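I open this notebook to record what I looked up in the structure shown below. The entries follow the order in which I consulted it.

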Amino acid sequence: MSLLAGSRTSRRVLSWKPAVRRGHGRCKNLSTVSPTPRNPDASSPFRMAIVGSGPAGFYTASRVLSKLPQAKIDMYEALPVPFGLVRHGVAPDHPEVKNCQDRFDEIASSPNFTFVGNVTVGDSSQPGRHCTVELQSLMRHYDSILLAYGAAEDKKLGIFGESTLTGIYSAREFVGWYNGLPDCTNLHPDLTRGEDAVIIGQGNVALDVARMLLEDIDTLRKTDITEHALSRLAESRVKRVHIVGRRGPMQVSNLPLYDFIEPFLPLRQALNVTYQAAFTIKEARELMKLPDVAFHPVNRTLIPQDLKSLPRASKRLMEVLLKGTPDADPLETSKSWSLDSCLSPKHFLARSDSPDSVASTEFDVTALADPFDPKSRVEKTGEAIILPSDIVLRSVGYKSVPLPGFVEAGIQFDERRGIVCNDGFGRVTRLVSDSDASSSARQQVPGLYCAGWLKRGPTGVIASTMQDAFTTGDAITQDWLAGASFLGSHEGSSRAHGWEGVKEELGLDQARRVVTWDQWKMIDTVERSRGEAQGKEREKFTNVADMLAVLD
Amino acid sequence: MASSRSVTKCLPRLFSTICRQSRHLPSHARAPSNLLRPSSLCSLPSRSISRLQASSPYTRSFTTTAQRQHGHIKPPKPGEEFVYLLNIFGNLLYVTFIDKDGQDYKFAVSEGDNLLDIAQANDLEMEGACGGSCACSTCHVIVTEDDYYDKIPEPEDDENDMLDLAFGLTETSRLGCQVVMKKELDGLVVRLPSMTRNLQASDFQ
Ligand SMILES: Cc1cc2nc3c(=O)[nH]c(=O)nc-3n(C[C@H](O)[C@H](O)[C@H](O)COP(=O)(O)OP(=O)(O)OC[C@H]3O[C@@H](n4cnc5c(N)ncnc54)[C@H](O)[C@@H]3O)c2cc1C
Ligand SMILES: NC(=O)c1ccc[n+]([C@@H]2O[C@H](COP(=O)([O-])OP(=O)(O)OC[C@H]3O[C@@H](n4cnc5c(N)ncnc54)[C@H](OP(=O)(O)O)[C@@H]3O)[C@@H](O)[C@H]2O)c1
Ligand code: FES
């Protein structure tokens with residue numbers, strides 16, 4: 001599908017504005033590795049480690065490489081394979097979304113870029129043929145570290161039955177399972193339990209998961225979905241999918257799509273920035289177009305009679321929902337789905353014949369103060385309803401976690417928002433109190449930066465993650481050129497040895513396990529040829545041992 | 001005859017050389033709007049460039065930076081050079097991009113080129129993350145004149161769906177990958193939306 005696949009080459013020549021000097025250096029003692037104040041010298045070498053190879057890592061790398069020709073970037077990735085959620089999140093029937101991998105490939109081909117795959121930063125709990133590097137080790141060998149490791153967990157509902165009953169799955173794990181994420185290979189969801197599936201949450205992940213359950217299996221066969229998922233989906237008995245939200249169709253999720261400019265309300269209004277609906281129109285339209293799948297009409301009372309006065313995006317989305325599937329009647333099609341509004345999950349109920357298995361979900365019915373106000377308050381009415389639930393998929397958002405070593409490094413993690421504390425541009429900051437605790441101030445942690453879902457929280461499409469990464473890339477280059485404090489074990493230039501230095505500390509045995517970019521390309525080639533044999537784009541390896549076996 | 005053919009061969013390459021040289025300058029020093037940069041010519045394969053090196057006095061300042069290949073901006077086919085030369089004086093279409101700093105760049109392009117390919121072949125800041133598949137909105141452009149906007153075939157649902165997610169959407173927004181140059185669009189001017197401003201840290205407190 002890509003018009004440009006394989007033909008695009010690096011192309012950034014960006015204008016550069018004089019850097020503004022900020023009050024750096026004042027937080028010299030914040031981390032155990034003291035930052036080195038530098039003379040502003042645009043040509044001194046700059047070594048940066050990136051943790052995570054998703055879009056945030058790659059797009060930040062591209063910005064830094066284009067602005068600082070002297071930069072040398074090493075990208076650490078926990079898996080032997082790159083691209084984060086582009087590989088393990090984006091739905092298999094959205095191959096065009098993955099075209100950004102061509103661009104990442106280009107970035108990786110820069111002589112100033114090194115991929116250090118199969119290396120987890122911080123977490124030493126990984127077994128087997130895996131390599132682990134401590135954050136402190138990176139801090140000793142780099143001028144700067146970019147944290148871009150995304151969101152590896154998901155939010156829980158915290159209601160009865162959630163962790164005790166079988167048949168309740170995390171949507172993140174379900175997605176990982178059909179996309180070949182090694183951690184989720186063994187999920188083995190049982191899709192033969194019955195006909196009714198309930199998905200809790202109405203974000204795009206919920207819609208992706210619904211589409212996988214409803215889509216014609218022969219359509220999926222042509223995608224890069226894993227074989228193990230295909231065989232289970234082929235046996236699936238699911239016929240009726242409820243996608244359940246606690247608010248209504250007119251309400252939108254908490255964060256706007258371009259939340260990296262969220263502090264600029266006036267600007268956002270001036271630029272007519274829209275809030276992102278929990279799900280986007282393209283995904284809703286796709287579900288409406290599935291052959292032999294009907295949509296149960298949406299609750300009309302929650303959508304204004306006159307759509308004309310709505311902002312463009314909301315008007316178009318409401319039109320799609322109201323139109324529904326005029327040519328497909330739920331009574332006649334083999335499968336159907338609905339968007340169930342104003343239902344907040346209360347608890348799960350077990351089957352009487354099998355007390356370990358989920359049978360249904362009880363929801364509190366909620367009411368919106370103003371159903372047409374996107375920011376309307378929502379309250380419980382005191383009523384409850386029960387939806388039959390042979391399978392439940394919890395899709396209420398992803399969650400980032402702090403890395404071991406954050407405290408020592410002086411990095412603060414905002415548990416509520418699930419982000420590394422930062423100044424909005426991607427500079428890692430920490431709240432520091434005076435000795436008598438009378439006042440506190442935010443200070444930059446020199447040399448440390450963040451981007452992507454770890455910086456903003458787990459929302460946003462690739463386009464918004466890219467913009468956010470560019471903002472961080474600009475902050476890094478601006479600071480470097482302005483002579484701000486960065487990491488570095490001793491003063492003077494060329495002190496950072498990057499991956500070579502880290503490797504020496506690791507020892508040969510660990511370093512042998514590292515997967516290079518060329519080795520990833522070998523894995524890639526084998527995956528593609530395995531796929532070709534089955535008429536698919538690729539057949540992914542679904543566990544790390546199989547990926548590494550290609551390299552033996 | 002032989003000599004006229006060599007002129008027709010050299011001219012496009014000459015443009016190409018100028019175009020490449022300008023690309024190696026920092027963008028604030030790059031060609032302003034009055035320098036035409038025929039994007040189609042920028043994509044000549046490296047073979048022709050090296051032949052030019054041997055025959056043209058302009059080659060001395062040509063740098064040997066890795067060639068950029070862009071498969072979708074059509075170079076003239078062998079034997080079409082004469083037609084091509086005529087085009088330079090006659091039938092080429094012009095499109096102007098205004099970048100987020102307000103700098104404008106005018107390019108001579110061929111019918112059938114789309115705005116994403118043109119922008120990328122000329123190093124303008126347009127990501128095109130989905131490779132022109134109408135699935136990302138990172139090629140958003142704003143048509144500056146309503147008359148031109150009206151001359152572009154109406155966006156399909158797919159394009160409108162992605163535009164709904166574009167930052168700074170306007171009444172005359174389009175996706176660059178979906179706008180294909182044709183005669184009626186000669187003289188088109190589009191603006192690249194400015195996604196980020198020079199934000200100050202204090203703005204976030
Ligand atoms: C199910 C799903 C479907 C999506 N579909 C689309 C879509 O169709 N279109 C679209 O535009 N957007 C889509 N998105 C959004 C898009 O994927 C995200 O915006 C983007 O991937 C976020 O990028 P990131 O780099 O911050 O994180 P990620 O992509 O998650 O990358 C993080 C990387 O860090 C690695 N890592 C984690 N911990 C460590 C560690 N300790 N050491 C080293 N490496 C580590 C991970 O393995 C991973 O490779 C989807 C998201 C999801 C969840
Ligand atoms: N095709 C695509 O482009 C694509 C595909 C997948 C993902 N993505 C992107 O990836 C990001 C993450 O998607 P996501 O779906 O995980 O997150 P999301 O968009 O934040 O949606 C989370 C959903 O869960 C609901 N929720 C949260 N807590 C809840 C609770 N306690 N009880 C009931 N419901 C609760 C939210 O409802 P409230 O609104 O009421 O809080 C919302 O409907 C999004 O930005 C998405 O656009 C994009
Ligand atoms: S390049 Fe992705 S929509 Fe145009």
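Predicted model: local features only at pLDDT ≥ 70, side-chain atom pairs only at ≥ 80, totals over all residues.

The entries below take up a sheet, a core, a loop residue and several salt bridges.

**Entry 1**

I began with an open sheet of chain A, in which six strands run in the order β3-β2-β1-β6-β21-β20 with mixed pairing. Its edge strands are β3 (113-117) and β20, and each of them pairs on one side only. From one strand to the next, I found that the twist averages 35 degrees.

I then looked up one pair within the sheet. Strand β1 (residues 46-51) and strand β6 (residues 144-147) of chain A are paired in the parallel sense over four bridges. For Met48(A), the bridge partner in β6(A) is Ser144(A).

Which helices pack on this sheet? Helix α14 (residues 462-481) of chain A does, with contacts to β1, β6, β20 and β21 (440-450), and its direction makes about 95 degrees with that of β21(A). Helix α15 (residues 498-506) of chain A also packs on the sheet and touches β1, β2 (71-77) and β3; the angle between its direction and that of β2(A) is about 45 degrees.

**Entry 2. The nonpolar core**

I turned next to the largest nonpolar core. The core holds 99 residues, and Val241(A), Ile243(A) and Trp337(A) touch the most other members. Helix α6 (residues 204-214) of chain A gives the most to this core, namely seven residues. As background, I recall that nonpolar side chains tend to be buried together in soluble globular proteins.

**Entry 3. Asn422(A)**

I located Asn422(A) in the loop between β19 (419-420) and β20 (427-433) of chain A. Is Asn422(A) buried or exposed? Its relative accessibility is 17%, so I count Asn422(A) as buried.

What does the side chain of Asn422(A) reach? It reaches the backbone oxygen of Val420(A) at 2.9 Å. Apart from neighbours within four places in sequence, Asn422(A) is in contact with Arg427(A), Val428(A), Thr429(A), Cys450(A) and Lys455(A).

**Entry 4. Salt bridges**

I recorded a count of 48 salt bridges over all chains. In one of them, the side chains of Lys521(A) and Asp105(A) meet at 2.9 Å, N to O. Lys521(A) lies in helix α17 (residues 517-532) and Asp105(A) in helix α3 (residues 100-108) of chain A, so this pair ties together parts that are 416 residues apart in sequence. Lys521(A) is partly exposed at 27% relative accessibility, and Asp105(A) is partly exposed at 25%.

I also looked up Glu537(A) and Arg528(A), whose side chains form a salt bridge of 3.2 Å, N to O. Salt bridges with shared partners join Arg87(A), Asp105(A), Lys521(A), Asp524(A), Glu527(A), Arg528(A), Glu537(A) and Arg538(A) into one network.

Asp164(B) is buried at 4% relative accessibility, whereas Arg312(A) is partly exposed at 32%.

Methods:
Residues numbered from 1 in each chain as written. Chains lettered and ligands numbered in written order. Heavy atoms only, no water. Helix = DSSP H or I, 4+ residues; strand = E, 2+ residues; numbered from the N terminus. Buried < 20%, exposed > 50% of the residue type's maximum accessible area, 1.4 Å probe, protein only. Polar contact = N/O pair within 3.5 Å; in protein donor to acceptor, adjacent residues only side chain to side chain. Contact = heavy atoms within 4.5 Å. Core = buried A, V, L, I, M, F, W, Y, C linked by side-chain atoms within 4.5 Å. Pairing = 2+ DSSP bridges. Axes fitted to C-alpha atoms, helices over the stretch in contact; angles between N-to-C directions. Salt bridge = Lys/Arg side-chain N within 4 Å of Asp/Glu carboxyl O.
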